[in-house]
Amino acid sequence: MKSIKYNTDELEIDLQLRGQITLLQGNTAAGKSYLFNVLKGMDCTDNLYFINYNMATGNENVKAIVDYITNNSDKVILIDQSDDIFELHPELEETIAEDYKNQYIIIGRNPELIINPSCVSELHIENRKATLHYLFPEPLTR
Amino acid sequence: MIKMKVITEDESSGKLMLEEMNRLYFYGVMKIDSFKGIPHLYRYIKDNEDDWTKYDKVVVIYDDAPNNPNVANQLRRVRSLLSQLKLTDKIQYFPIVSFEYEILTTDKIEIFAQIATHEQIKYFREIGKKYGTQQLYAKTRNNNMFSDLYMQLKQQAENKLYKELGYIDNKRLMHHITFEKMCKLIFANAFKHELFIDNDFRGCWNKDCCIKNKRNCNIVGDINLQADIKKSYLLQYSIYGLMADMISGILGIENEIVAIDMVKIEKQCFFNTYHQ
């Protein structure tokens, strides 16, 4: 599984991903959108792709996002405000559910995507270090 | 000795597997119970507060399957309750994907399944182990090998939605076609007629081999297998074997279960003409 590691002036980021879709939950002001914006503002994030509410307005923009997802692989796609985006564009949610070529970090409260409970995480920022804390263990595997 | 209770969301097959594990590995020392579906976990723990004084350890086994937001919500509530009661250390979580998934991805399980489904099972196991369940779900939905089953699920979901709403809502339809239902259908299809592991391990899983009355066993040719050996196979080669190892570490009980000569069984199955 992939991990995202970057050291910026603002944050030392170390996100270990689980499964194809990691759900990032947390209270308001926990720093989820802050993390999204710090990563988005960096230059060296070629393997990351960012989607937020502003980008997902208008059918043309959503079509461009769907095309990007369909035509790319091995990317980590971060989606902020996912509840609002999926409410407005269920087709995007469907595209993600069908995609097995990229990995996702979905920031939201309770998107109804195909997320395993073991992939539900919360963001912890302590002494500038940002990590994901998973709420439950991974399933047993042989 | 440590007193342990194991609670599982399964009411039928999954619970029976645990009861057999308890009997075959641990001399029946554990208490096995069901909380009857994930929506009832919190209530079960509230209603059985005595468990926390009676038992040293309570193991919770639940399905970590995609498409079920209830699981995370229930576990969150349970965690918060146990934290208030300062009982967090007494609980151990054992997530599995689901009973059907675990059996379908058990090594060599296809030798007990309908021949027409062998390729399906092998694909399912290989992709599941390599890429995980989220990707397996997507790949299964897009694979021709599973298109009939997928259409069957879609039809069922459409009928159900139409009854409820009077029209088909595509978003809701997608959420009705779950990974769990897909697993159940593949499982039922693979093991119908003979090896369907049901409420009572019906058929030959619960009985010693009946070849004395017939020329051949329907499943393993002329090998005379006792019911316990067949069950041991499922335990030994499935995730339940790993779970038993972990429980054994907690309980401090070491019990070697009946060893199974899989090579011999496989050879026999190769010559088994029943399915051909």
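In helix 4 of chain A (residues 90-98), the buried positions are A:Leu92, A:Glu93, A:Ile96 and A:Ala97, where a residue is buried if 20 or more other C-beta atoms lie within 10 Å of its own, exposed if 12 or fewer, and partly exposed in between, with C-beta atoms placed from the backbone. Because these residues cover an arc of only 140 degrees around the axis, they fall on the same side of helix 4 of chain A, the arc being that of the directions from the helix axis to the C-beta atoms. The buried residues of helix 4 of chain A pack against helix 2 (59-71), helix 3 (82-88) and strand 6 (103-107) of chain A, together with helix 7 (133-141) of chain B; contact requires C-beta atoms within 7 Å. Helices (H or I, at least four residues) and strands (E, at least two) are DSSP runs numbered from the N terminus.

The model is predicted, so that local features need pLDDT of at least 70 and side-chain atom pairs count only at pLDDT 80 or more, while totals for chains, interfaces and linings use all residues. Residues are numbered from 1 along each chain as its sequence is written, and chains are lettered from A and ligands numbered from 1 in the order in which they are written.

In chain B, helix 6 (residues 118-131) and helix 7 pack at an angle of about 140 degrees, with their axes 7 Å apart, and this angle makes helix 6 of chain B oblique to helix 7 of chain B (under 35 degrees is roughly parallel, over 145 roughly antiparallel, 65 to 115 roughly perpendicular and the rest oblique). On the helix 6 side of chain B, B:Ile127, B:Gly128 and B:Tyr131 meet B:Thr133, B:Gln135, B:Leu136 and B:Lys139 of helix 7. By class, this contact has 3 nonpolar, 3 polar and 1 charged residues, with Ala, Val, Leu, Ile, Met, Phe, Trp, Tyr, Cys and Pro counted as nonpolar, Asp, Glu, Lys and Arg as charged, and the others, Gly among them, as polar.

The axes of helix 1 (residues 13-26) and helix 12 (residues 239-251) of chain B come within 11 Å and cross at roughly 50 degrees, and the two helices are therefore oblique to each other. The contact is made by B:Met17, B:Met21, B:Tyr25 and B:Phe26 of helix 1 and by B:Tyr240, B:Ala244, B:Ser248 and B:Leu251 of helix 12 of chain B; by class, it has 7 nonpolar, 1 polar and no charged residues.

Chain B comprises 13 helices and 4 strands, and 35% of its 276 residues count as buried.

How values were computed
Two residues are in contact if their C-beta atoms, placed from the backbone, lie within 7 Å. Axes are lines fitted to C-alpha atoms, for helices over the stretch in contact, and angles run from 0 to 180 degrees between N-to-C directions.
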